[in-house]
Amino acid sequence: MEAGSSNNPPGKAEKKKEGGANGNSRLGSMLPRIDPFVPRKDHNPGELRSWAKKTGFVSDFSGETSTSASEQFSSRFDLEKGVDHRGGGSSPKIEIDPILGRTRRGTEIEPDSGSGPGRGVRKKENGGILGVRDGTARDENERRGTVNEPVLGPKEDERNVNGTRHANGISRIGNQNANRGIMNGNQIAPGNGHEVPMVTPSVAGDLKIEDEKAERDIEDGLSPEGAEPGHGGWSRQSRLKHGLRDNPGYVPLVYYGLQHYLSLVGSIVFIPLIMVPAMGGTDKDTATVISTMLLITGVTTILHSYFGTRLPLVQGSSFVYLAPALVIINAREFRNLTEHKFRHIMRELQGAIIVGSLFQSILGLSGLMSLLLRLINPVVVAPTVAAVGLAFFSYGFPQAGSCVEISIPQIFLVLLFTLYLRGISVFGHRLFRIYAVPLSVMIIWIYALFLTAGGAYNYKGCNPDVPTSNMLIDSCRKHASTMRHCRTDVSNAWRTAAWVRIPYPLQWGVPIFHMRTSLIMIFVSLVASVDSVGTYHTASILINSKPPTPGVVSRGIALEGFCSMLAGLWGSGTGSTTLTENVHTINTTKIASRRAVELGAAFLVLFSFVGKVGAILASIPQALAAAILCFMWALIVALGLATLQYSQTASFRNITIVGVSLFLGLSIPAYFQQYQPESSLILQSYFVPYAAASNGPIHSGGKQFDFAMNALMSLNMVVTFLLAFILDNTVPGSRQERGVYIWSRAEDMAIDPAMQADYSLPRKVARFCSSHCQPRYFLNQIQRPITSHFIQNLN
C-alpha cells in the first residue's frame, strides 16, 4: 500500500494521532513527528534548480531539466520497453513501505547512471515513470518516517496510469494515489482519486508566473527557461500556425510560400555573387547562374516534397559545396586562363558534382545509408555543420571590409532585426524576425544607391566600367577594388539580360570529368548527407511529428543525390542539398505546411524564366553580399552547435570530442594552407586559403591523388567530420550520453496512420514502388549474384 494511505476514516486517524497512548502501533508513534509542509517565501530558485540537477528531477513548473533531452526520451522509451541500455537489467522488486512496514509490489527500481550517495533512483509502476528520488533524501525520509517522492509528470498529451490527462504541469493523481497523504511536498485532499494537489497561494502565484513566462517563451519559439525543444519534441506543442498537412487556402499559401523563401534569400541567391566573379565570369554570367539556381531550387524542392522525406524542407545550393568549389576554382592551372575561363571551370565543377551525386544516390538506394545512420550521432553532426560556417572566416569580413561604410551598417542592421526587434509585432506579424535578411539588404542597398549617386565613389579620371588591366593611372588602379565592391551601377546585367530566358541542361558545355575533382566531391557529398540527416531529425521534432524511419532517410538521401545531378547538368556551380537554415525558418515563421513550400518553389521556377530578376539580384554590391553572408555563416555555426542539445552537453566525453574535432578541423587545414609559394602573388588574399590543393605538402608522385588529398585536408568540414566520426564511434559512451538519434521503425509506420500521411509516398508512386523502389530491393539485387557465386564456389 502507498505511503500515507489507510483504510480508516480521517476522523479515526486524527484521534489516533491525538491520543497515541497505547504505544503498540509504530505508525501512531511516528506520525506526531511529521511536520506539515510550509512553503518558503524567501526561497532561492537557484536552490531548486541545483536540486533538480543533482537528483535528475524534471520540473514541469520551472521548465528545467538536469539531463539532456535525448536522455529523457531514451530513458522513457527504454523503460516502457523494459530495456536498459546502461547494461543493467530491470526486474520487479519488492519495496518495504517505511511508514506502514508493508510491501509494495509491481514496482521497478532502476539505478540511475550516476554514482555515489546522491545517486538517483528511477521508479516505474504499471508501465509508467512515477518519480525520481534522491538517495540521500530517501534515507533521511525513511529515518523520519516520511516519504517525499517528487512526481515526474508526463508531457502534454501523455496519460498517467489511469488515463487522466496532465495540464499546466500539475499531475492529476490516479486511483492508486488517491489517499496518499504527502506527495512532492504538497498536500493532497482525499477524494475519488481524481483530485489535484492543494497548493498554497504563494506556490500558486509562482506557478502562474511560470506558466505566463512559458507561454511567452513558446510564442518566441522556445521552451520554458529559454531552452530549445528537446529530443522528445513531438510530444510538445510548438504552437505552429500550420502543420505539415494543413491547407490554409490558396491566398495564405501564396503569402506563406513567398515568406518562407524570402527568409532564405541569403542562402539561395548570394552564392553566385561569390563564385562567378572568382571564376572570371561577367555580370551576365552571374545573372544566368542566379536564374539557374532559382530553377534548380524550385524543382528539387518539389521533388523532395513528393518523393523524398516529404518534410517541408527546401533543397537548394548549399554552403557545403561552396568551399570545395572555391578550392577547384583556385587550382594552379586555372589561374592563368584568360579566354573562356568561366566556362572551363564551370564544366569542371559540373563533372565533379555529377560524380559526387551518383555516389550519394547509391548510398541511399543501396541501403548503406541505413547502416551509416547507426554511426551518425549529434556529437558528429554538430561540429561538422559548425565547420561548414567556420570555413569562410578568412573570406567573410576581409571581403566585406573593402567597403566598411556599407558592410558594417549591414551587419549591425541584421543583428538589430534578429535579436533586438524580434519580439515586435507589426499587424500581428513578427516582420523583423521573419524578414531580417531581405529587409536589411533592401535598406542598405538603397543606402548604397544614394552613396553612388551622390558621388562617394567617383574618382577623377577613373571609370568603373574599365577593367583593372586596362587602367593606366595608378590612382585608378588603387580605387578599382572600391569601385567594384561598393558601387551599385557597376553591373550591366540589367541592360544585357533578356526578359525571358529558360535555363537548359549543358548550357555551359559538356562536363569535364577528372579523378581529382571527383574524389573531392565524393567526400563532400558524404558530408552533405550527414548535414541532411541532422536537419531531417531536427525538422521532424520541430513540426511535432515522429522521426522518419531509416528507410525514409535513405530515400531522402538518394533523392538529394538525384537533385545534385540535376544541378550538375544545368550548371549551377554547386550541388543541391537540404538547407540547414530551413530549420531556423520553420521555427521563426511557425509555418510547416508542405503545400506552402511547394507553392513557393513553383514561384521560384516562374521567376527563373524572367531574366531581369536574375539581373537585378546580380547587381547587389559584393561588399553587401559578403556582409550578409557573415551573418548567414555565423547562423550555420550556431545551428550546428545547437544539435548538441540532443546529447549530454555537460559530458566530458562529448565536449572533448567536439572541442578536439573543431580545433583540429581548423588547425590542420591551416597547416596545409600555408604552402603557398606562388598563389599569394596572383590571388586575392581572401582566396589564398582555398589554393592549397596545388601546393600542399602531400607529394606521392601521382598528381591527381596529390591534388585531391591536399584539397580534402585543407577543407575544414572534411577534417572535422573525419575526426568527430572516428572519436565518437571509438570512445566508449552510453546511448544517453552520446545522444543517439532515435529513428522510427518500419513497423511503427505501418500501424500509425499519422506517420503514413507524413512520410509515405503518393499513392500512385507508392503502388509502383512497392517492390522496386525500396532500398532493400537494390541491396538484394547486389547481394544475390555475390551470394550465388559464393555458394557455387563452396560446392
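Predicted model: local features only at pLDDT ≥ 70, side-chain atom pairs only at ≥ 80, totals over all residues.
Student: Which residue meets D748 in a salt bridge?
Tutor: The contact is between side chains, with a distance of 3.2 Å from N to O, inside the 4 Å cut-off for a salt bridge.

Student: How many salt bridges does the count come to?
Tutor: Another case is a network of salt bridges that links R653, D728 and R738. By the rule used here, the count comes to 7.

Student: How many residues apart are D758 and R245?
Tutor: These two form a salt bridge, and their closest N and O atoms are 2.7 Å apart. D758 belongs to helix α33 (residues 753–759), while R245 is in the loop between α6 (201–219) and α7 (250–262). The pair thus links distant parts of the chain, and the separation is 513 residues.

Student: What is the relative accessibility of R487?
Tutor: R487 forms a salt bridge with D489, where the closest N and O atoms are 2.9 Å apart. D489 is partly exposed at 37%. R487 is buried, because its value falls under 20%: its relative accessibility is 8%.

Student: How far from R487 is the C-alpha atom of F450?
Tutor: F450 is part of helix α18, and it counts as exposed at 61% relative accessibility. Along the chain, F450 and R487 are 37 residues apart.

Student: What volume does the largest cavity have?
Tutor: Rolling a probe the size of a water molecule over the atoms shows where empty space is left. Here the count comes to 7 cavities of 30 Å³ or more. For the largest cavity, the volume is about 140 Å³.

Student: Which residues that line the largest cavity are the closest to its centre?
Tutor: The lining of this cavity is made of 15 residues. By class, 7 of them are nonpolar, 6 polar and 2 charged. The closest to the centre are S263, R433, I434, V437 and H584.

Student: Which element gives the largest share of that lining?
Tutor: Several elements give two or more residues to the lining of the largest cavity: α17 (431–434), α18 (436–453), α23 (581–589) and α26 (622–642). The largest share is 5 residues. The element that gives this share is α23.

Student: Where is K590 found?
Tutor: K590 has a positive phi of about 60 degrees, although it is not a glycine. At 8% relative accessibility, K590 counts as buried. Its place is the loop between α23 and α24 (594–608).

Student: What is the phi of R310?
Tutor: R310 lies in the loop between α9 (283–307) and β7 (315–317). It counts as buried, because 9% relative accessibility is under the 20% cut-off. R310 is not a glycine, yet its phi is positive, at about 70 degrees.

Student: How many Å apart in space are G364 and L559?
Tutor: G364 lies in helix α12 (residues 341–365) and is buried, with a relative accessible area of 0%. In sequence, G364 and L559 are 195 residues apart. From C-alpha to C-alpha, the distance in space is 8.0 Å.

Student: How much accessible area do W494, W499, V500, I502 and I616 have together?
Tutor: These residues form a nonpolar patch on the surface. One of them, I502, lies in the loop between α20 (493–496) and α21 (515–542). I502 counts as exposed, since its 52% relative accessibility is over 50%. Together, the patch residues have an accessible area of about 580 Å².

Note on methods
Residues numbered from 1 in each chain as written. Heavy atoms only, no water. 1 Å grid on protein atoms, 1.4 Å probe; cavity = no way out; pocket = protein on both sides within 12 Å on 5 of 7 lines; lining within 4 Å. Points joined across faces, edges and corners; volume = space filled by probe spheres on them. Helix = DSSP H or I, 4+ residues; strand = E, 2+ residues; numbered from the N terminus. Nonpolar A, V, L, I, M, F, W, Y, C, P; charged D, E, K, R; others polar. Buried < 20%, exposed > 50% of the residue type's maximum accessible area, 1.4 Å probe, protein only. Patch = residues over 30% accessible without salt bridge, like charges linked within 9 Å, V, L, I, M, F, W, Y side chains within 5 Å. Areas by Shrake-Rupley, 256 points an atom, 1.4 Å probe, with all protein chains shown as cover.
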